[in-house]
Amino acid sequence: METKDAAHAHLLDFLKAIPPVDFCCVYGSALHSINPDKSTMIDYILGVSDPLQWHSENLKMNADHYASWMVHLGGAKLITGVADKLGVGVHFNPYVTWNNKMLKYGVVRMNDLIRDILNWESLYLSGRLQKPVNMLVDNLDIVNVNTVNLQAAVSAALLLLPPKFTEEDLYAKICSLSYMGDLRMLFAEDRNKVKKIVQGQFNLFQSMYKKFLEEYEDKDLLRFSSSTNPLANISQDCGLAVTCSHISSLPSTIRSQMGITKEKMKVITESGGVGDRNGLGFGSREEAAKCMEKVLRRTVRVSSARQAVSGVLTAGGVKAARYLTNKMGKAWRSWTWK
């Protein structure tokens, strides 16, 4: 069995076979021993300053990573164009074989990555970074930038949770934010996916969100039972002032789609979160939560559909069919196996 350091070194080795990147993280079921099967695909996200230039260089180094028709018809320019125009700015190459390992990597422009982290424009990569990942390269301090994303995820999850819940409930709700409305969840994903992610990586979720929960506890917005059991109750303040505070932590893009203008946010801030429809714009916490959920579902539904179309075109028919068949097989087993 590989040691942790050896496994980390092996993950880094792949980066020597591709052009330089500004950001790289590894995620997925092969990362934290959710599934020890060696045939499981290892998933990479690669951030680069110029995807067109990066794909051009990678085509020279690893043309076999790409669908042959794209290489012949337009190469890097076509690949980048499809990812930007049809998808959400990420081009994925699945089923790449390297050193007896199966890999999938997605390439994204750094500006697009940062914009999604801060604004939840697609909740595609920002949603991925709300869950545990192993960062291998971070030249632009994405770890620090991502704290805004994590804070927003906690606030969104708390708005959707009842007055009492468990720590596991909280992480499950955070984890589910980027799956709300995802078309793949209807037929091509394990119905127990969120539960498996949280239970398999519970300690990592705790490490990610510990400082935010401690901050909320210090402000008396959350109250923890004395038990260290992850299923022990946590209680939260569900007052309107706290609801306003949670909403203020959401990305401005989401607030805008909820109908909350800068002027309304100014009123909320100046009033200390005390107000009614004239300030918050909603009659109750429940109404605000439902509105936010509707916006998140719409955002994810659109981005997942666009990325699915982009994936079929850029990965090629055979790879796309293989990937979808594998996903649907997992989904079917989750519905039929007890």
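Analyst: We will take the features one by one, each with its case here. Keep in mind that this is a predicted model.

User: How many helices and strands does the protein have, and what share of its residues is buried?

Analyst: The protein has 16 helices and eight strands. Of its 338 residues, 48% are buried. The protein exposes about 16,600 Å². Carbon and sulfur atoms supply 55% of that area.

User: Where is confidence lowest, and where is it highest?

Analyst: Start with the average. The mean pLDDT is 81, and 72% of the residues reach 70 or more. Confidence is highest in helix α7, at a mean of 98. It is lowest in helix α16 (residues 317-336), at 46. Over residues 320-325 the pLDDT is below 50, and this stretch has nine contacts beyond near neighbours in sequence. Residues 327-338 are also below 50, with 15 such contacts in the model.

User: How do I read the pairing of two strands?

Analyst: Look at direction, then count bridges. Strands β1 (residues 23-27) and β5 run antiparallel, joined by four bridges. Within that pair, Val-26 stands opposite Asn-134 of β5. Strands β3 and β4 are also antiparallel, with seven bridges. There, Val-90 faces Val-108 in β4.

User: What do β3 and β4 form, and how many residues lie between them?

Analyst: They form a hairpin, with two residues between the strands. Asn-99 sits in the turn and has a positive phi of about 50°.

User: Why is β3 described as largely enclosed?

Analyst: Count its buried residues. Eight of the nine are buried, so β3 is largely enclosed by the rest of the structure. As for side chains in general, they alternate between the two faces of the sheet in a regular strand.

User: Which strands form the three-stranded open sheet?

Analyst: The order is β6-β8-β7, and the pairing is antiparallel. β6 (164-166) and β7 (222-224) stand at the edges with a single partner strand each, so one side of each has no neighbour in the sheet. Neighbouring strands are turned by 30° against each other on average, direction ignored. Three bridges join β6 to β8 (residues 233-236). Lys-164 stands opposite Ser-235 in β8. Helix α8 (residues 167-176) lies across β6 and β8, at about 85° to β6.

User: Is Leu-158 buried or exposed?

Analyst: Relative accessibility decides. Leu-158 has 0%, so it counts as buried. This residue lies in helix α7 (residues 142-160). Leu-222 is 64 residues away in sequence, yet the C-alpha atoms are 9.7 Å apart.

User: How do I read an aromatic pair?

Analyst: Phe-14 and Tyr-105 form a tilted one, 5.9 Å centre to centre with 45° between the planes. Phe-14 lies in the loop between α1 (4-13) and β1, and Tyr-105 in strand β4, so the pair ties together parts 91 residues apart in sequence. Both residues are buried.

User: Where do Tyr-209 and Phe-212 lie?

Analyst: Both are in helix α11 (residues 202-218), three residues apart, about one turn of the helix. Tyr-209 and Phe-212 are both buried.

User: Which residues form the aromatic cluster?

Analyst: Phe-14, Tyr-44, Trp-54, Trp-98 and Tyr-105 form one cluster.

Note on methods:
Residues numbered from 1 in each chain as written. Predicted model: local features only at pLDDT ≥ 70, side-chain atom pairs only at ≥ 80, totals over all residues. Heavy atoms only, no water. Pairing = 2+ DSSP bridges. Buried < 20%, exposed > 50% of the residue type's maximum accessible area, 1.4 Å probe, protein only. Areas by Shrake-Rupley, 256 points an atom, 1.4 Å probe, with all protein chains shown as cover. pLDDT = per-residue confidence, 0-100. Contact = heavy atoms within 4.5 Å. Axes fitted to C-alpha atoms, helices over the stretch in contact; angles between N-to-C directions. Phe/Tyr/Trp six-rings, centres within 6.5 Å; stacked < 30°, edge-to-face > 60°.
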